[in-house]
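Biologist: I have a structure open and would like to go through it with you. Can you take my questions as they come?

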Amino acid sequence: MSKCLYIYMLYIYVLCIIGVYLIFASNDMTWNNVISLLTLQILCSLPKGLGHLWFILIILACYMITPLLQKIIKSNIYARNKKIILIFIICILVEFLFFQSKITTNICNIICYILGYLIAYEKSKEKNKTIECIIIILAIITNAIKIFDVNSNNIVINSILNILVLNSHILLGSAIFIILYKLFKNINNLLRETNKKYIDTIDSYCYYIYITHHVFILGPLSLINITPIFVINLLIIIICIII
């Protein structure tokens, strides 16, 4: 599926869901919510049941910076390292600037994409291992800070701790991915050609499932408690997602 088709399908869904909300849950759809949906959460938070669409904005941002990353990869080692460091400094500064703002930047997710992109093109296994170890260690440290609610009286230190906590979720996800990848990469059965067609089939539907599923689980249109029997509710939700 082309990138443009992804965007078209998203906006078809967004326009349809705005209409559905206005008919069945008008109290939960304000003008701010409409603007938020059309701009993909650039200006304000998304309405209940549609919060998962923030992820699409990150995908679009990653598409936009990919040509820049491709140019950096083709540069000589010195220029490449200098540009990579500059990108990370800019990302961190933006994250600091918007930390107290209502504008959602999700810079940590973009940093994650940049890291993954650079690791994929890095030929040195030793460098990749070092980066992977750093990610796992940072995941442990940042999530420990979050769990134990570490705070400081110093404003600068507290700001740094808050940024670390903000990135704890994405670091944990990256660390879990690295660990699972290491565990399963030698299990050839997972990647056999006989299973590839099933993976391709699932992949062709996962985008549509992703953008539609959440509205039937959370928010004013949730069907999770439509009957007293959870299994029946689950079947109804699955049917609605398919429709």
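Biologist: How many helices and strands does the protein chain have?

Modeller: The protein chain has 9 helices and 0 strands. Helices (H or I, at least four residues) and strands (E, at least two) are DSSP runs, numbered from the N terminus. This is a predicted model, in which local features need pLDDT of at least 70 and side-chain atom pairs count only at pLDDT 80 or more, while totals for chains, interfaces and linings use all residues. Residues are numbered from 1 along each chain as its sequence is written, and side-chain values use heavy atoms, with hydrogens and water left out.

Biologist: What share of the residues is buried?

Modeller: Of the 243 residues in the protein chain, 31% are buried. Buried means under 20% relative accessible area, exposed means over 50%, and partly exposed is in between (1.4 Å probe, protein chains only).

Biologist: And what part of the contacts comes from residues 24 or more positions apart?

Modeller: Among contacts in the protein chain with a separation of 6 or more, 57% are between residues 24 or more positions apart. A contact means heavy atoms within 4.5 Å.

Biologist: Now the helix packing. At what angle do α6 and α7 pack?

Modeller: Helix α6 (residues 125–147) packs against α7 at about 135°, and their axes are 7 Å apart. Axes are lines fitted to C-alpha atoms, for helices over the stretch in contact, and angles run from 0 to 180 degrees between N-to-C directions. That angle makes α6 oblique to α7. Angles under 35 degrees count as roughly parallel, over 145 as roughly antiparallel, 65 to 115 as roughly perpendicular, and the rest as oblique.

Biologist: Left-handed or right-handed crossing for α6 and α7?

Modeller: The crossing of α6 and α7 is left-handed. The term left-handed applies if the near helix is turned anticlockwise from the far one by less than a right angle, and right-handed if clockwise.

Biologist: Which residues of α6 and α7 meet?

Modeller: On the α6 side they include Ile135, Ile136, Leu138 and Ala139. On the α7 side they include Leu164, Leu171, Ala175 and Ile178. The residues of this contact of α6 with α7 divide into 13 nonpolar, 4 polar and 3 charged. Ala, Val, Leu, Ile, Met, Phe, Trp, Tyr, Cys and Pro count as nonpolar, Asp, Glu, Lys and Arg as charged, and the others, Gly among them, as polar.

Biologist: Take isoleucine 135. Buried or exposed?

Modeller: Isoleucine 135 is buried, at 7% relative accessible area.

Biologist: What is isoleucine 135 in contact with, leaving aside neighbours within four places in sequence?

Modeller: Isoleucine 135 is in contact with Leu115, Ile119, Leu171, Ser174, Ala175 and Ile178.

Biologist: What about α5 and α7, at what angle do they pack?

Modeller: Helix α5 (residues 107–121) and helix α7 (residues 155–184) pack at about 30°, with axes 9 Å apart. That makes α5 roughly parallel to α7. Their crossing is right-handed. The contact is made by Cys108, Asn109 and Cys112 of α5 with Leu166, Asn167, Ile170 and Ser174 of α7. Those residues divide into 4 nonpolar, 3 polar and no charged.

Biologist: Switching to rings. How many aromatic pairs are found?

Modeller: A search of the whole structure finds 3 aromatic pairs. Rings of Phe, Tyr and Trp (its six-membered ring) pair if their centres lie within 6.5 Å; planes under 30 degrees apart count as stacked, over 60 as edge-to-face and the rest as tilted. Phenylalanine 177 and tyrosine 181 have ring centres 6.1 Å apart and planes at 20°, so this pair is stacked.

Biologist: Where do phenylalanine 177 and tyrosine 181 sit?

Modeller: Both are in helix α7, 4 residues apart, which means a separation of about one helical turn. Phenylalanine 177 is exposed at 56% relative accessibility, and tyrosine 181 is partly exposed at 47%. In another pair, tyrosine 207 and tyrosine 208 have ring centres 5.9 Å apart and planes at 70°, so that pair is edge-to-face. Tyrosine 207 is buried at 9%, whereas tyrosine 208 is partly exposed at 28%.

Biologist: What is the phi of aspartate 149?

Modeller: Aspartate 149 has a positive phi of about 50°, although it is not a glycine. Most residues other than glycine have a negative phi. Aspartate 149 lies in the loop between α6 and α7 and is exposed, at 55% relative accessibility.
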